[in-house]
Amino acid sequence: MERYYQPEIETASREQITAWQNERLVKQVKHVWDNVPYYRKKMEAAGVTPEDIKSIEDLHKLPFVTKADLREAYPYGLLAEPLKNCVRIQSTSGTTGKRVVAFYTQHDIDLWEDCCARAITAAGGTDEDVCQVSYGYGLFTGGPGLNGGSHKVGCLTIPTSSGNTERQIMFIRDLNATILCCTPSYAAYLGESMKEMGLSPEDIPLKAGIFGAEAWSEEMRQDIQKTLGIKAYDIYGLTELSGPGVSFECSAQTGMHINEDHFIAEIIDPDTGEVLPDGTYGELVFTSITKEAFPLLRYRTRDIVKLSHEPCPCGRTHVKMSKPRGRSDDMLIIRGVNVFPSQIETVLLNKGYPANYQIIVDRVNNTDTLDVQVEMTPEMFTDNMGEIAARQKDIVDGLKSMLGLKAKVSLVAPKSIVRSEGKAVRVIDKRKI
Ligand code: DLL
């Protein structure tokens, strides 16, 4: 039987969800207008005042907020509460430009942890469970968010944070951990390490995993589920909105329910800003309607997803988003062709390779080059050059039919691609453009 953390909210009628959204949006717009001069200026420039926003039907009148706004307003420019009401910051792992710093009141943290608790409950978690949180703790939201959610559900929480793989495995086995929370790439690595230790899925007490913070394909899910003997659930979120738990997967595993009582989702055409209908891929835009300290109106996430309002067999009524196909800013344009790293991953995993690969893009004599390095599993490993060449050609053909592009593929020895304990680095773009 499906269990919910907050059943009256998670299974509310569409009318009820819309009523919450209407009321909270109007209040939120007034809150930022009154407290954030940066927002007020932006709205004035767009010719909108709080009186123009009477319901979610008026959402499109508000200007978008982008990462550039967050950088410009860094660090305190978008804060909507006096400092005395704020109790925490978290920050993105971004490597370029200024970090994004997000602020929380105690109430913001409470609602965020509720969202994570919904995700853990949807993955089957109860107060009987032992939940190992192997996301990084600290500025990154993964550890603190799932830690808080795990407490709320009443699980015995093991805050291992990321890294120290042997200790992770020791705790999972000794303390009988039943739920594992980490990035999918780290879950795959833990699975690989357990296999090397001679452990089969039956020796591992885990029953579910809650994996997110980076794109991962359906094929990678199947692999992880098999190696760890668990059901693997996706979880999505971003620092700007709170952290993990903006949306989460249920037992149906066909998309992630967005917590619509806190976040209004829209899909837009990334080039024109036009709002797109259900079922069409586009850029995900969020308005946070319950955040006190760091509210964002129409924030462009750059994640490319589609939405579905189809009824879900789990009984939850909140809209579902697909797995992000990628980010508009990690979409590579190679010789004019749009390439998402996830498409390359799908080809590789379908052909039985592990999710240990690296994509290197460069420009030689004014032409883009695409090199894909793929690790062999120990079982595939061979020094028979003919066999390696045949395997490489098979991948080149697979990539050609998926992308319409010719890539150079190199098979490399097992363990030669660096493993990640957090978000994996899959793409190295050496082009100076
Ligand atoms: O990654 C929050 C998080 C922590 C989510 C733990 C899930 C689990 P940021 O570091 O701010 O926050 O990165 C946010 O990561 O815009 C997406 O591009 C990507 N992302 C997050 N979850 C997923 C997912 C956290 N399930 C950015 N699938 C987002 C694909 C994801 N991409």
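Reader: Buried or exposed: which does Arg431 count as?
Author: Arg431 sits at 11% relative accessibility. Buried means under 20% relative accessible area, exposed over 50% and partly exposed in between, using a 1.4 Å probe and protein chains only. Bear in mind that this is a predicted model, where local features need pLDDT of at least 70, side-chain atom pairs count only at pLDDT 80 or more, and totals for chains, interfaces and linings use all residues. So Arg431 counts as buried.

Reader: Which side chain does the side chain of Arg431 make a polar contact with?
Author: Arg431 is in the segment after β21 (427-429), with helices (H or I, at least four residues) and strands (E, at least two) being DSSP runs numbered from the N terminus. Residues are numbered from 1 along each chain as its sequence is written, and side-chain values use heavy atoms, with hydrogens and water left out. A polar contact is a pair of N or O atoms within 3.5 Å; within protein, one must be able to donate a hydrogen and the other to accept it, and residues adjacent in sequence count only if both atoms are side-chain atoms. The Arg431 side chain reaches the backbone oxygen of Ile333 at 2.8 Å, and its side-chain partner, at 2.9 Å, is Asp429.

Reader: Which strand gives the largest share of the shell around the ligand?
Author: The ligand is surrounded by 22 residues, the closest being Asp234, Ile235, Thr239, Asp303 and Lys423; a residue is near if one of its heavy atoms lies within 4 Å. The shell splits into nine nonpolar, seven polar and six charged residues, where Ala, Val, Leu, Ile, Met, Phe, Trp, Tyr, Cys and Pro count as nonpolar, Asp, Glu, Lys and Arg as charged, and the others, Gly among them, as polar. The largest share is five residues, and they come from β7.

Reader: How much of the ligand's area does the protein bury?
Author: A polar side-chain atom of Asp303 lies 2.6 Å from a ligand oxygen, while backbone N or O atoms of Ala213 and Glu214 each lie 3.1 Å from a ligand nitrogen. Taken alone, the ligand exposes 610 Å², an accessible area from the Shrake-Rupley method with a 1.4 Å probe; for residues, only the protein chains shown count as cover. Of that, the protein buries 94%.

Reader: What arc do the buried residues of α11 fall within?
Author: Helix α11 (residues 385-403) buries Ile388, Ile395, Val396, Gly398, Leu399 and Leu403. An α-helix has 3.6 residues a turn, so residues three or four places apart point the same way. The arc, taken from the directions from the helix axis to the C-beta atoms, shows that the buried residues line one face of α11, because they fall within 165°.

Reader: How far apart are the end C-alpha atoms of α11?
Author: The expected span is 1.5 Å times one less than the number of residues. With 19 residues, α11 should span 27 Å, which agrees with the end C-alpha distance of 26 Å.

Reader: Which strand holds Arg302?
Author: Arg302 has a positive phi of about 75° although it is not a glycine. Arg302 is partly exposed at 26%, and its strand is β12.

Reader: What is omega for the cis peptide bond at Pro75?
Author: Pro75 lies in the loop between α4 (67-72) and β1 (86-91). The cis bond joins Tyr74 to Pro75, with omega about -5°.
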